[in-house]
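Thanks for making time this morning; I would like to walk you through one model, going from the overall fold to a few side chains. Please have the viewer open while I talk.

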Amino acid sequence: MDSDISQNGETKAAFPNRESTLNGLTPVPTSVTLSAEQFERLYLSPMTVRQSSLAKKVGNPTPLALGGFVITTTPLACCLMAWRGASGNGVAFIGPIIFLGGLLLLITSILEFIIGNTFPCVVFGTIGGFWFAFAATMIPVFNAAAPYSSTSDTAAGLASEGFMNTYAFLFITMAVLMLIFMICATRINVVYTLIFLSLLLVFLLLSAAYWQLGQGNAAIGDRCVKGAGASLFVASLLGFYLLIVQLFESIGFPCFLPVGDLAALWTRKQAKARRY
């Protein structure tokens, strides 16, 4: 059965055709009516009038990215906070970072691009790319940190002052990007906005930690690393919550979990501006 999206952002089911009725077949409605708020809860993107026809025929890829995000960030946050003696700043999670963080987010970014969701495509693509870059830095074959060590050892290079003072600029750049994403997310919902706020704090604290450690201030640097881990842990918890919301919505679970819809606030402001 075909379906279409009306101008007010709702998906409507088409009426059964005469041929199927004559054959004694009763069509089963498979389309779902989505309000603008429901669309934004599922796709983490503002509802637009022009939606890709493919979006009506394929599943929602967004939970895939959220799953990869929480599986990667949760253990990494515990590592940064040094729980149960964890250490290494994520070296032990190179595999999960590549295949669960980077790969799943990249796949989702491509799928979001195909169905026409620009904002999630950019978010998942850039964060997935960061995970790939972060993991590659710690892999000896890429020779990113070894030149900073006199013995050409990657582990020693990762802990060197020169490397830390240099790598901190990547975290600063990611913090600027998270700020932009956070501003854009205020068009969608509160939970999504808080995730980017938490990630903003993560990258700011990591950049501060690397600069402090690069100057030999180990005590302050370690506290900043633990603070970054705590902020990342908050982001992972929010990611788990958003994942649960999306999965409940996808299977029609009879439980409504609020995400703090912000689209209505923007709509009211736009309507008020048009009146004046």
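Let me begin with a definition: helices (H or I, at least four residues) and strands (E, at least two) are DSSP runs, numbered from the N terminus. This is a predicted model, in which local features need pLDDT of at least 70 and side-chain atom pairs count only at pLDDT 80 or more, while totals for chains, interfaces and linings use all residues. Residues are numbered from 1 along each chain as its sequence is written, and side-chain values use heavy atoms, with hydrogens and water left out.

If we take contact to mean heavy atoms within 4.5 Å, then among contacts between residues at least 6 apart in sequence, 66% join residues at least 24 apart.

Let me turn to the aromatic side chains. Rings of Phe, Tyr and Trp (its six-membered ring) pair if their centres lie within 6.5 Å, and planes under 30 degrees apart count as stacked, over 60 as edge-to-face and the rest as tilted. By this rule there are 18 aromatic pairs. One of them, Phe-163 with Tyr-167, is stacked, at 5.1 Å centre to centre and 20 degrees between the planes; both residues lie in helix H7 (residues 161-185), four residues apart, about one turn of the helix, and both are buried. Tyr-192 and Phe-196 make a tilted pair, with 4.9 Å between centres and 55 degrees between planes; these two lie in helix H8, again four residues apart, about one turn of the helix, and both are buried. Phe-163 and Tyr-167 also belong to one aromatic cluster, whose members include Trp-131, Tyr-148, Phe-203 and Tyr-210.

Two packed helices are described by the angle between their axes and the distance between the axes. Here axes are lines fitted to C-alpha atoms, for helices over the stretch in contact, and angles run from 0 to 180 degrees between N-to-C directions. The axes of H5 (residues 118-138) and H8 come within 14 Å and cross at roughly 30 degrees. The two helices are therefore roughly parallel to each other, since angles under 35 degrees count as roughly parallel, over 145 as roughly antiparallel, 65 to 115 as roughly perpendicular and the rest as oblique.

Staying with H8 (residues 190-214), it also holds Ser-207, which counts as buried because its relative accessible area is 2%. Leaving aside neighbours within four places in sequence, Ser-207 is in contact with Ala-168, Phe-171 and Ile-172.

Finally, Asn-60 sits in the loop between helix H2 (36-43) and helix H3 (62-80), and is partly exposed because its relative accessible area is 26%. Its C-alpha atom is separated by 8.2 Å from that of Ser-250, although the two residues are 190 residues apart along the chain. Just after H9 (residues 218-251), Gly-252 takes a positive phi of about 70 degrees.

Terms used. Buried < 20%, exposed > 50% of the residue type's maximum accessible area, 1.4 Å probe, protein only. Expected span 1.5 Å × (residues − 1).
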